[in-house]
Amino acid sequence: RDLGISRMRMLPKLNGMRPIVNLSKATRIRLRVPYAPQNSGAEPADIRNFNNKRSLKSNSNHITLSFKPINMTLQNVYQVMKSEASSNPILLACSVFSYDDVLHHMYAFMRTWRVLSGSCPGLKPYIVSADIARAFDNIKLHKMMEVLQPTLASPEYAVIRYSEVTPALAPMAPVKLRH
């Protein structure tokens with residue numbers, strides 16, 4: 001599995017538990033592995049089938065698997081989607097990604113509301129916040145791909161990473177690094 005795994009902790013709620021996963025941290029797993037019968041020359045089945053040999057270490061009765069952070073693995077996909085969203089803003093017109101985005105949209109809405117509701121002084125705006133239980137668990141991946149496919153402008157993308165080093169103006173100032 002190329003995506004990797006992450007550690008999960010459970011946060012108690014009133015009606016159950018909420019799983020919390022840190023996707024930006026690398027994960028290591030140490031497993032006790034039973035070996036094949038002696039003198040057979042075989043390795044444990046998990047070592048034979050594990051495709052990333054560099055991240056695998058073994059000793060007499062344990063193996064350690066190391067996985068890159070999931071966020072690092074998904075970074076290229078994120079950059080492509082971010083590029084598509086910036087080149088075609090209508091794709092995410094109603095989306096908000098931070099409290100600042102909520103404030104910006106709310107301010108524009110309230111300004112329009114005050115102008116339009118001037119003729120009906122008894123009307124009041126109400127804000128409804130909804131949390132859909134297990135929303136991401138119920139996403140059908142094939143349906144999501146059908147929805148996302150038309151938004152991609154190209155069948156292939158080149159993601160380029162670079163660093164720019166610029167010397168500071170002062171003679172003893174540190175060098176600045178930009179990504």
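Buried residues are those under 20% relative accessible area, exposed ones are over 50%, and partly exposed ones lie in between (1.4 Å probe, protein chains only). Helices (H or I, at least four residues) and strands (E, at least two) are DSSP runs, numbered from the N terminus. The model is predicted: local features need pLDDT of at least 70, side-chain atom pairs count only at pLDDT 80 or more, and totals for chains, interfaces and linings use all residues. Residues are numbered from 1 along each chain as its sequence is written, and side-chain values use heavy atoms, with hydrogens and water left out.

The protein contains five helices and seven strands. Their order along the sequence is β-β-β-α-β-β-α-α-α-α-β-β. The protein has 179 residues, and 11% of them count as buried. Its accessible surface, from the Shrake-Rupley method with a 1.4 Å probe and with only the protein chains shown counting as cover for residues, comes to about 16,000 Å². Carbon and sulfur atoms hold 60% of that surface. A contact means heavy atoms within 4.5 Å. Among contacts in the protein with a separation of 6 or more, 48% link residues 24 or more positions apart.

Strand 5 (residues 62–67) is mostly covered. Five of its six residues are buried. Strand 5 pairs with strand 3 (residues 27–32) (pairing requires at least two bridges found by DSSP). Six bridges join the two strands, which run antiparallel. In this pairing, H62 of strand 5 is the bridge partner of R32.

Strand 1 (8–13) gives another picture. Strand 1 is hardly covered, and the count of buried residues among its six residues is zero. Strand 1 and strand 2 (16–21) form a hairpin with two residues between them. The two strands run antiparallel and are joined by six bridges. M10 stands opposite P19 in strand 2, and P12 stands opposite M17 in strand 2. In a regular strand the side chains alternate between the two faces of the sheet.

Strand 1 and strand 2 each supply at least two residues of the patch. V21 is found in strand 2. V21 counts as partly exposed because its relative accessibility is 41%.

S6 lies in the segment before strand 1. At 22% relative accessibility, S6 is partly exposed. S6 touches V21, N22, L23, T27 and I70, not counting residues up to four places away in sequence. The C-alpha atoms of S6 and R28 are separated by 8.9 Å, although the two residues are 22 residues apart along the chain.

Charged side chains were examined next. Side chains of opposite charge can pair when their charged atoms come close. A salt bridge is a side-chain nitrogen of Lys or Arg within 4 Å of a carboxyl oxygen of Asp or Glu. The structure holds one salt bridge. In that salt bridge the side chains of K143 and E146 meet (3.4 Å, N to O). K143 and E146 are three residues apart in helix 5 (residues 141–148), so about one helical turn separates them. K143 is partly exposed at 47% relative accessibility. E146 is likewise partly exposed, at 47% relative accessibility.

E84 is found in helix 3 (residues 75–87). E84 is buried yet has no salt bridge. For charge assignment, Lys and Arg count as positive and Asp and Glu as negative, while His and the chain ends are not counted. The nearest side chain of opposite charge to E84 is K82, 14 Å away. Leaving out residues up to four places away in sequence, E84 touches L91, T151, L152, A153 and Y157.
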